[in-house]
Amino acid sequence: MKTKRLAAGILAACLTLSLALPASAAGNAAPLEDASQAVTALGIMSGDGSGDLKLSQKVTRAEFVTMVIKASPGGDGVGQAATSPYPDVPRSHWASGYVEAAVSRGLVTAFSDGTFRPSQEIKLAEGVSMVLSLLGYGPEDFSGSYPSGQLSMYQNLKLNRGVTAAGASAPLTRQDALYLFYNLLSAKTKEGAPYIQSLGHSLDASGKPDLVSLINGEMEGPIVAQSGWKTTLPFSPSKVYRNGSLVKAAAVQNYDVIYWNAAMNTVWAYAKKVTGPIQAIEPSGAAPTSVTVAGRTYSIETSTASYALSDLGEYHLGDTVTLLLGRSGGAAAVADVSASAGEKVGIVTAVTKSTFPDGSGGTYTAQTVTLLATDGQTYQYQTKGGAQKGSVVRATVSGKGGEVTLRGLGGGSISGKVSADGAKLDKYSFAQGAEILDVSDRRGAVVYPSRLAGLTLDRGQVRWYSLNAQGEIEAMILNDVTGDAYQYGLLTHFDEQGEGMTKYYSYTYDLAGVSYSLPSTTTRFRVSSGPIQILGDPASPDRLYSLTAANAGQVVGSQFIAGSQKYTLSDQVLVYEHRDGRYYLSSLARAEESGGSITAWYDKAESAGGRIRVLIIK
C-alpha cells in the first residue's frame, strides 16, 4: 500500500471563501454511465435498493469522507471506530470508522470548535483538498493562500471535468462527487503514476479507466444457482444479466453460474453447460488445470471445480458429467448428468472411430460423432447409433452412464423477410439470446438477428429452427445465408506451367497474415490475383473464388463509400496495404486514416447477405 502524504487541516474560516471557478469542461466529461460503472464497481459510491445513485442530492461531510476512504487502497476494510472520533461523531455513528480513518491519514481535521459536523454539506474546496491528498500532494505543493492553490491544481489535473460546482464554497452534489472520483482514477499522482494503479487496476489505450478489467477485478463469485439463490447474496440485485441480456431475477435458473458486484447491485448469470464423458484431466489428477469433455478442453476456473476433478474428488476419467461453464468459458463447477439436461443441436461434420481412456489405465474404441452446435462450438460424442455426415441432429446425454442418443431433426418450415431492425422473421420474434448458426462449407458462424436484418429467407435456407414457450425463435440453423463462415484472403501469386494434359498450377495466398502455398496442382481454380474466398482447408482448399471489386472509395465508420454507393463492412474485414509491390496486413483504423486510394471487395450483393470482405490501401 502506498503511503500518503499528510494534508493540511481544512480551516472553517476558509470555507467562507467563494473563489470563482470557470465552468467545467462538460464536453470533455466522460459519459455518466461510464463514470457510474467505474465508481460503483470500486465501491466508492453505491445506490439505494433499486440501484438509484440519487445524483441530484447534496453530499454530507460524513458521506464524502466515506467515499474518500473507499477510494483509497485498503479502504474497503474499514469497520466501526474503536472510540468516538469527535463529540458529534460517536462510536455508534454509521461513519465513525471512516471519519477515524480519514483523520488518522491526515485527510481531514475538525473545525476550530472541535466538532466534525458530519451532516453538514461538503464544499468543493474541502472535497478537492481531500482528493489531492490521495494523489500525494501536501501544503508545500500549492502556491498562494488556501484554497486558490488547491483549486488551481484541481483544474490543471482535469479533476473538474463534469463537476458543476463553480466556487470554493459551492456544495457538491452526488453527481459532482461521482465525476470527481472518476477523474481521480486517471489523474497522475505526485510521483507520476495514474492513481488507479494504486487500486490494482489500469487505464485503457485511450487513457481512461479500463472498465472491463475494473469490473472483472471487483466481481465476486462464482456460485451455482439453486432455489433461493438470492438469499445467499449480501444484497438484493437491482440488475440481473443472463448470458449478456438484461433479465428479471426470476429468469435465472438452477445450475446457472452466478457472479456479482454488491456495490453495483448487479448479478451476472451464465447458463452454458456441456455434458459428456471425461476424456482427459491435465496435467494430472493431483493438480488439474484443464479437463476434456465431449472432445473439447476447458480450463478449470475455480478451486471447487479443481477439487471435484482431482484424485481427491468424486469425478474421474471415464465418468460422464455436466460442466457448468463460467463467464470466461472455463469449468466453474461440475455436476452429475442428472443435474442438468445435456443436449445440443447441430450439424454432424464427421463420424469416426476414436480411442478413449477407460478410467482404469486402459482404453477402448467407440464411434464418435463430431457435432457443430448452434452455439458455434464443436463437440464430440460417443454413440452406438448411426448418424450421417451433414445431417441435423439433437444429441441428448442422459442416464447414469451418460448414454448419448442422436435424433435426426427435420428441415425448417419457416420463411419470410427479417424486419429492418432484426427483431422478427415473418411473424416470429427472435428471443433474447437466440442462437443462430449459419453453416457454409462445413464451417459455422454464429450470427445475431441484427445480421439478418432486411434479408428474405426461403425454406431452403432455414435447415432447422425451434421456438420457446412464448413462440419466439430461440435457435436456428441456416444454410449459407451470410457467407460469414467462409474464409477470405488475398491471392498474391499465380503461375501456370506445362501444356495440354500436363499443365500444373501454383497458388500463393494470404489469410489474415498467414501465408499458404499450393506449389504444384493440376486443379485450375477460376481465380486471378486479388481478394478471394476460400472453401475447405486453407492448406488444401476445395475451391478458390475471386471476390467482386467495388469502385475506389473511402471508409466511414462501418461503411465503405464509393461515390453514391454505400457498402457495409464485414465485422471481420481484412485490410491490406500495397507498398513496393508487396502486400502487408493492416488495420481498419489505418484504412479510415489513409489518404491514399482504397479499393474494396465483396462476396455477393448486400441484399443477399453479402459484405465487404477485403480492403486494399494503395
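## Close-up views of a predicted model

**View A. A salt bridge between Lys-503 and Glu-496.** Let's start with Lys-503, which is partly exposed, as its relative accessible area is 28%. The model shown here is a predicted one. Glu-496 is the partner of Lys-503 in this salt bridge, and their closest N and O atoms are 2.9 Å apart. Is Glu-496 buried, partly exposed or exposed? With a relative accessible area of 38%, Glu-496 falls in the partly exposed class.

View B. Arg-613 sits in strand S34 (residues 612–617), while Asp-484 is in the loop between strand S22 (473–479) and strand S23 (487–497), so the pair ties together parts that are 129 residues apart in sequence. Why does Arg-613 count as buried? Its relative accessibility is 3%, and buried means under 20%.

**View C. Ser-570 and its contacts.** Ser-570 has its place in strand S31, which covers residues 565–579. Its relative accessibility comes to 8%, so Ser-570 counts as buried. Look for the side chain of Ser-570: one of its polar atoms lies 3.0 Å from the backbone nitrogen of Gln-572. Which residues does Ser-570 touch, not counting those up to four places away in sequence? They are Arg-611, Ile-612 and Arg-613.

**View D. A salt bridge between Lys-273 and Asp-256.** Across the whole structure, a search finds 15 salt bridges, and this pair is one of them, with its closest N and O atoms 3.9 Å apart. Two distant parts of the chain are linked here: Lys-273 belongs to strand S6 (residues 273–282), and Asp-256 to the loop between strand S3 (245–247) and strand S4 (257–261), 17 residues apart. How accessible is Lys-273? Its relative accessibility is 16%, so Lys-273 counts as buried. Asp-256 is buried too, with a relative accessible area of 0%.

**View E. The largest nonpolar core.** Zoom in on Leu-184, and leave aside its neighbours within four places in sequence: Leu-184 is in contact with Ala-71, Val-131, Leu-134, Leu-135, Leu-159 and Tyr-195. Another core lies apart from this one; it has 29 residues, including Ile-300, Ala-308, Val-369 and Tyr-381.

**View F. An open sheet of five strands.** The strands follow the order S1-S4-S5-S2-S3, and their pairing is mixed. Which strands are at the edges? They are strand S1 (220–224) and S3, each of which pairs on one side only. On average, and with direction ignored, neighbouring strands in this sheet are turned by 30° against each other.

**View G. Strand S2 and its two partners, S3 and S5.** Strands of a sheet pair through backbone hydrogen bonds, either parallel or antiparallel. S2 (residues 239–242) and S3 run antiparallel and are joined by three bridges. S2 and strand S5 (residues 266–270) run parallel, with four bridges between them. Follow Tyr-241 to both sides: its bridge partner in S3 is Leu-246, and its bridge partner in S5 is Trp-268. S2 has two faces, with Val-240 and Arg-242 on the covered one and Lys-239 and Tyr-241 on the uncovered one. S2 and S3 also form a hairpin with two residues between them, where Asn-243 in the turn has a positive phi of about 55°.

**View H. Gln-377 in a loop.** The loop in question runs between strand S12 (363–373) and strand S13 (378–382). Gln-377 is partly exposed, with a relative accessible area of 30%. What does Gln-377 contact, leaving aside its neighbours within four places in sequence? Arg-296, Leu-371 and Leu-372. Gly-346 is 31 residues away along the chain, and its C-alpha atom is separated from that of Gln-377 by 9.4 Å.

How values were computed. Residues are numbered from 1 along each chain as its sequence is written. This is a predicted model: local features need pLDDT of at least 70, side-chain atom pairs count only at pLDDT 80 or more; totals for chains, interfaces and linings use all residues. Side-chain values use heavy atoms; hydrogens and water are left out. Buried means under 20% relative accessible area, exposed over 50%, partly exposed in between (1.4 Å probe, protein chains only). A polar contact is a pair of N or O atoms within 3.5 Å; within protein, one must be able to donate a hydrogen and the other to accept it, and residues adjacent in sequence count only if both atoms are side-chain atoms. Contact means heavy atoms within 4.5 Å. A salt bridge is a side-chain nitrogen of Lys or Arg within 4 Å of a carboxyl oxygen of Asp or Glu. A nonpolar core is a set of buried Ala, Val, Leu, Ile, Met, Phe, Trp, Tyr and Cys residues joined through side-chain atoms within 4.5 Å. Two strands pair if DSSP finds at least two bridges between them. Axes are lines fitted to C-alpha atoms, for helices over the stretch in contact, and angles run from 0 to 180 degrees between N-to-C directions.
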